[in-house]
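Subject: Structure for you to look at

Hi,

Here is the structure I promised to pass on. Please open it and keep it in view while you read my notes below.

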Amino acid sequence: MTTPKNIAIIMDGNGRWAEKRNKSRSAGHKEGVKTLKKIVKAAANFKVESLTVYAFSTENWKRPKTEVDFLLTLMKRTISNEIEELLDRGVKIKFLGRKENLSKNLIEEFNYIEEKSAENKNLTLNIAFNYGGRAEIIDAAKKIAADYKNNQLELDNLQENDFSSYLYSQDLKNVELVIRTGGDLRLSNFLLWQSAYAELYFTEKFWPDFNEDDLKNAIEDFKNRERRFGGLKDGDANA
Ligand code: IPE
Ligand code: IPE
Ligand code: MG
């Protein structure tokens, strides 16, 4: 199989990485940003077309206010620090998530970088922030209901592809490979619709320790998987 074009990463383990070193959880999140920068570059080099990263979930609001505030500020700071380099390297950035509950400042930052990078073609970087897979599906269902009410949609003809077009990112139809760092074996509400047939790859490594070689290993592992999509494997057509 070829390199997956559409990869998603659950960047988990920042807190435990920090704890192990007697550092604050914030220090772990900061280190996580450094990893993200490296992995975005590596993904572009590996000719990945779309990389979706889980940066803040709709459930992460349950954390102590100090940590939540730190994560919100870190996101905003990271965008403004990295925007020039990302634009230079032709990265197209998209925000995936609910805008409600986010500050006006942060939303403006996301809008600005989305607009500025809209025509870029090298790699699409989707940043899932205040993102939940169930929230995304509910938001789509609400938009569908509104269109139906306004006679802009016929329900009898609604296909999977049409439903996809109501999700946060229309381009992100099928994720091929989901990587989760940090050792837990779950999706934690990430891309529930788009991962229906994704290959899953889990590593014990904490996100701040994840590097280019680890990404390469995940891609190599993917290449050796046999994807069947409910059918039979190649060559079994006459079974
Ligand atoms: C992932 O690292 C980053 C976010 C969820 C924002 P964690 O903060 O979940 O780190 P652990 O899982 O506690 O180690
Ligand atoms: C998933 O990690 C969310 C992000 C990486 C942003 P969590 O640490 O929030 O997931 P759980 O709570 O362990 O499932
Ligand atoms: Mg975690």
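H3 passes H4 in a left-handed crossing. Before going on, note that this is a predicted model. Helix H3 covers residues 65-88, and helix H4 covers residues 104-117. Their axes come within 10 Å and cross at roughly 20°. An angle under 35 degrees counts as roughly parallel. So H3 is roughly parallel to H4.

Which residues make the contact? From H3 come Leu-72, Met-75, Lys-76, Ile-79, Ser-80, Ile-83, Leu-86 and Leu-87. On the H4 side they meet Asn-105, Leu-106, Glu-109, Phe-110, Tyr-112, Ile-113, Lys-116 and Ser-117. The residues of this contact of H3 with H4 divide into 10 nonpolar, 3 polar and 3 charged.

H3 also packs with helix H2, residues 25-45. Here the angle is about 30°, and the axes are 11 Å apart. H2 and H3 are therefore roughly parallel to each other. Their crossing is right-handed. Among the H2 residues in the contact are Arg-25, His-29, Lys-37 and Lys-41. The H3 residues they meet include Glu-67, Phe-70, Glu-82 and Leu-86. This contact of H2 with H3 divides into 6 nonpolar, 3 polar and 7 charged residues.

Now find Leu-86 in helix H3. Is Leu-86 buried or exposed? Its relative accessibility is 12%, so Leu-86 counts as buried. Leaving aside neighbours within four places in sequence, Leu-86 is in contact with Val-40, Val-91, Ile-93, Ile-113 and Asn-120. Gln-194 is 108 residues from Leu-86 along the chain, and their C-alpha atoms are separated by 25 Å.

Next, the cores. The largest nonpolar core has 40 residues. Ile-9, Leu-51, Phe-129 and Ile-179 have the most contacts inside this core. H3 gives the most to this core, with 7 residues. What does Ile-179 touch, leaving aside neighbours within four places in sequence? Ile-179 is in contact with Ile-7, Ala-8, Ile-9, Ile-10, Tyr-201, Phe-210, Leu-215 and Ala-218.

Then go to Ala-18, in helix H1 (residues 14-20). Ala-18 has a relative accessible area of 0%, so Ala-18 is buried. Not counting residues up to four places away in sequence, Ala-18 touches Lys-23, Ser-24, Arg-25 and Gly-28. Ala-18 and Glu-31 are 13 residues apart in sequence. In space they are 8.9 Å apart, C-alpha to C-alpha.

Last, look at a loop. Most residues other than glycine have a negative phi. Ser-188 is not a glycine, yet it has a positive phi of about 45°. Ser-188 sits in the loop between strand S5 (177-180) and strand S6 (199-202). Asn-189 lies in the loop between S5 and S6 too. Phi of Asn-189 is near 70°, again a positive value in a residue other than glycine. What about burial? Ser-188 is partly exposed, with a relative accessible area of 30%. Asn-189 counts as buried, at 14% relative accessibility.

Best wishes

Notes: Residues are numbered from 1 along each chain as its sequence is written. Chains are lettered from A and ligands numbered from 1 in the order in which they are written. This is a predicted model: local features need pLDDT of at least 70, side-chain atom pairs count only at pLDDT 80 or more; totals for chains, interfaces and linings use all residues. Side-chain values use heavy atoms; hydrogens and water are left out. Axes are lines fitted to C-alpha atoms, for helices over the stretch in contact, and angles run from 0 to 180 degrees between N-to-C directions. Helices (H or I, at least four residues) and strands (E, at least two) are DSSP runs, numbered from the N terminus. Angles under 35 degrees count as roughly parallel, over 145 as roughly antiparallel, 65 to 115 as roughly perpendicular and the rest as oblique. A crossing is left-handed if the near helix is turned anticlockwise from the far one by less than a right angle, and right-handed if clockwise. Contact means heavy atoms within 4.5 Å. Ala, Val, Leu, Ile, Met, Phe, Trp, Tyr, Cys and Pro count as nonpolar, Asp, Glu, Lys and Arg as charged, and the others, Gly among them, as polar. A nonpolar core is a set of buried Ala, Val, Leu, Ile, Met, Phe, Trp, Tyr and Cys residues joined through side-chain atoms within 4.5 Å. Buried means under 20% relative accessible area, exposed over 50%, partly exposed in between (1.4 Å probe, protein chains only).
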